[in-house]
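Biologist: Please take me through this model, one region at a time.

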Amino acid sequence: MTKFLWIIVVVFLVSCQNDRLNVDVSAISVDLKLKRYDQLFFASNPSNLAPALQNAYSTDSSFIDLYTADIIRIGLFKNEDFYHYLDLFRHDTVIAQVADTVLKTFYDFQYYSTQLEKGFQHLKYYFPEAKIPTIYTYVSGFNQSLVVSNDGIGIGLDKYLGSDCIFYKYLGIPQYKIKNMYPDKLVPDVFYAWALTEYPKTEESNNLLSEMIHEGKLLYFTEAMCPDLPDSVIIGYSAAQLSWCRKNEAQMWSYWAEHRLLYSVERLDLQKYVGDAPFTNTFSNESPGRTGVWTGWQIVRSYMNQHPELSLEMLMTQGNAQELLAQSRYFPE
């Protein structure tokens with residue numbers, strides 16, 4: 001096959017993928033409820049905080065208890081000493097500075113609310129019976145960026161303040177993690193977290209291939225919810241890292257096959273190719289971490305392109321990684 005024809009084939013495959021996920025959701029109505037608990041806890045007039053919190057608790061008791069007891073760890077709302085510990089938390093010097101930064105960065109949340117609403121329109125398109133979760137925003141004290149509960153999805157906005165946020169450097173967070181702690185990562189992270197909760201790993205997902213496929217399905221799901229986002233935002237790679245993966249896709253696949261790693265159950269192998277890291281040390285310093293995740297995504301894309309009759313729900317409930325690989329006809333060259 002000439003280079004010219006190969007380029008045509010690549011463009012055709014990419015076009016098929018984009019067409020498949022480019023669906024019209026404009027007629028789908030979504031009632032997205034957004035609760036700004038970062039503002040309630042930190043922007044409220046101190047004299048109004050107690051009655052405002054009491055009123056919020058009447059409707060959101062489960063989430064507030066989750067937030068105060070498990071995320072910021074000051075105890076349950078009904079505890080006798082709750083307001084004492086809440087006062088200590090709110091007036092902690094660092095927390096107060098972080099909260100101020102959050103309130104300034106996300107003063108206007110309309111853009112993110114709109115993007116979340118579009119994502120949930122896509123969710124209803126693919127899963128008509130799905131319940132639209134309430135979105136809760138909060139200051140986590142750098143504990144949890146996202147939490148999914150029966151009542152909704154909570155977003156720790158202090159985990160999305162941007163790669164230049166001085167607090168991240170003070171905390172000693174590695175740079176490869178910091179680069180994905182920016183506002184536009186918030187929306188795809190929400191849908192990845194939703195999918196991870198709805199479709200957790202099964203006991204059979206114990207080798208490298210099954211881990212790759214599972215992560216690939218989660219990224220494909222996220223892509224389906226956010227079809228306008230570039231691959232770099234969905235997976236959290238730079239343009240250079242994406243380029244490296246595309247140029248070295250065949251070599252990576254050959255390496256895993258030749259070293260019989262696809263069916264490895266060794267924790268070190270799984271962490272090396274699926275776990276978050278600055279690079280994949282068996283490849284090169286220019287490679288990104290999670291190369292197995294990126295490859296799993298390409299396998300799933302190939303699988304869905306080969307089977308246009310399959311719904312997104314069918315993909316997410318397909319539990320046999322080996323069968324999915326075989327039917328994907330994935331073989332990079």
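Modeller: Let us begin with a histidine.

Biologist: In which helix is His-214 found?

Modeller: His-214 is found in helix α10, residues 208-225. Helices (H or I, at least four residues) and strands (E, at least two) are DSSP runs, numbered from the N terminus. The model is predicted, so local features need pLDDT of at least 70 and side-chain atom pairs pLDDT 80 or more, whereas totals for chains, interfaces and linings use all residues. Residues are numbered from 1 along each chain as its sequence is written, and side-chain values use heavy atoms, without hydrogens or water.

Biologist: Is His-214 buried or exposed?

Modeller: His-214 counts as buried because its relative accessibility is 7%. Buried means under 20% relative accessible area, exposed means over 50%, and partly exposed lies in between (1.4 Å probe, protein chains only).

Biologist: What does the side chain of His-214 reach?

Modeller: The His-214 side chain reaches the backbone oxygen of Tyr-199 at 2.9 Å. A polar contact is a pair of N or O atoms within 3.5 Å; within protein, one must be able to donate a hydrogen and the other to accept it, and residues adjacent in sequence count only if both atoms are side-chain atoms. Not counting residues up to four places away in sequence, His-214 touches Leu-196, Tyr-199, Pro-200 and Lys-201, where contact means heavy atoms within 4.5 Å.

Biologist: Moving to the sheet, what is the order of the strands?

Modeller: Four strands form an open sheet in the order β1-β2-β4-β3, with mixed pairing. Two strands pair if DSSP finds at least two bridges between them. The edge strands, β1 (34-36) and β3 (146-148), each pair on one side only.

Biologist: How many bridges join β1 to β2?

Modeller: Three bridges join β1 to β2 (residues 134-138), and these strands run parallel. Within β2, Ile-135 is the bridge partner of Leu-34. β2 and β4 also pair in the parallel sense, over five bridges, and Thr-134 has Gly-152 of β4 as its bridge partner.

Biologist: Which way do the β2 residues point?

Modeller: Thr-134, Tyr-136 and Tyr-138 point one way from β2, and Ile-135 and Thr-137 point the other way; all are buried. In a regular strand the side chains alternate between the two faces of the sheet.

Biologist: Now the helices: at what angle do α13 and α15 cross?

Modeller: The axes of α13 (residues 249-258) and α15 (residues 291-306) cross at roughly 105 degrees and come within 11 Å. α13 is therefore roughly perpendicular to α15. Angles under 35 degrees count as roughly parallel, over 145 as roughly antiparallel, 65 to 115 as roughly perpendicular and the rest as oblique. Axes are lines fitted to C-alpha atoms, for helices over the stretch in contact, and angles run from 0 to 180 degrees between N-to-C directions.

Biologist: Which residues of α13 make the contact?

Modeller: Glu-249, Met-252, Trp-253 and Trp-256 of α13 make the contact, with residues of α15 including Trp-294 and Ile-299.

Biologist: Finally, what is Gln-327 in contact with?

Modeller: Leaving aside neighbours within four places in sequence, Gln-327 is in contact with Tyr-303, Gln-306 and His-307. Gln-327 is partly exposed, with a relative accessible area of 30%.
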